[in-house]
Amino acid sequence: RAGYGASDLAPGRRGLTELAADLDAVVASLPHRRLVVVGHSWGGPILRVWADGVLAGPRSGTDPERLTGLVLADPADERADLYFSRAYRLQARSQDALYPLLVRFGIMAPLARVALKGLPEPDLADTVAAVSSLRAAHAIVAENGITVEELAALRADPPQLGDLPIRVVSGTKRAFLARLTRD
């Protein structure tokens, strides 16, 4: 996504439609015969909005016949009432304020390294670098600012994915902080 890794921040709104358009441009630029796309967390709604656009036809740069499936790993789900709670809004505002500070003081990279343990090198180092830059912090804050609004829009008008194969993968071990989101 724009602002992560070596990519530039994108100007303007960073809602699901814009993020899906970015994904479409990337996918359309890569040769492929078959396509299964995997999205984690906020990537779940992004993929579903993107796939809806692909299946709708001409506005997408991706051939609908080549899209053969989606895998959603612990996706954000608009049906989860937690996202519409006061506690979530407080958590999001706190994260928006803290994230850039954690990056500036060099704390975000070690935190990300712990959260992502288990990834093999060099993937771990690349992912930590991608999410622990000031540019990534600004991208995350821009996306967080409209998360609830975007999830409400998905609730009102869910993507139409027809018979596209979709698999949802979710962890079964629930750490203290993840109990509410897992439920």
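Which residues does leucine 67 touch, not counting residues up to four places away in sequence? In this predicted model, leucine 67 is in contact with Leu35, Val37, Trp50, Ala51, Val54 and Leu164. Leu67 is also among the residues that touch the most other members of the largest nonpolar core, a set of 26 residues; the others are Val37, Trp42, Trp50, Ala51 and Leu70. At least two residues of this core come from each of H1, strand S1 (35–40), H2, strand S2 (67–73), H3 and H7. The greatest contribution, six residues, is that of H2. A second, separate core comprises 11 residues, including Tyr99, Val103, Ala136 and Ile140.

Helix H7 (residues 147–156) has Thr147, Val148, Glu150, Leu151 and Leu154 as its buried residues. Viewed down the axis of H7, these residues fall within an arc of 160° and therefore line one face of the helix. They pack against helix H1 (16–29), helix H2 (43–56), helix H3 (86–104) and helix H6 (134–144).

The whole structure contains 10 salt bridges. One of them joins the side chains of arginine 13 and glutamate 150, with an N to O distance of 3.2 Å. Because arginine 13 lies in the segment before H1 and glutamate 150 in helix H7, this pair ties together parts that are 137 residues apart in sequence. Glutamate 150 is buried, at 10% relative accessible area, whereas arginine 13 is partly exposed, at 37%. Arginine 14, buried at 9%, forms a salt bridge with aspartate 22, the closest N and O atoms lying 2.2 Å apart. Through shared partners, salt bridges join Arg13, Glu18, Glu149 and Glu150 into one network.

Definitions and conventions. Residues numbered from 1 in each chain as written. Predicted model: local features only at pLDDT ≥ 70, side-chain atom pairs only at ≥ 80, totals over all residues. Heavy atoms only, no water. Buried < 20%, exposed > 50% of the residue type's maximum accessible area, 1.4 Å probe, protein only. Helix = DSSP H or I, 4+ residues; strand = E, 2+ residues; numbered from the N terminus. Arc of directions from axis to C-beta. Contact = heavy atoms within 4.5 Å. Core = buried A, V, L, I, M, F, W, Y, C linked by side-chain atoms within 4.5 Å. Salt bridge = Lys/Arg side-chain N within 4 Å of Asp/Glu carboxyl O.
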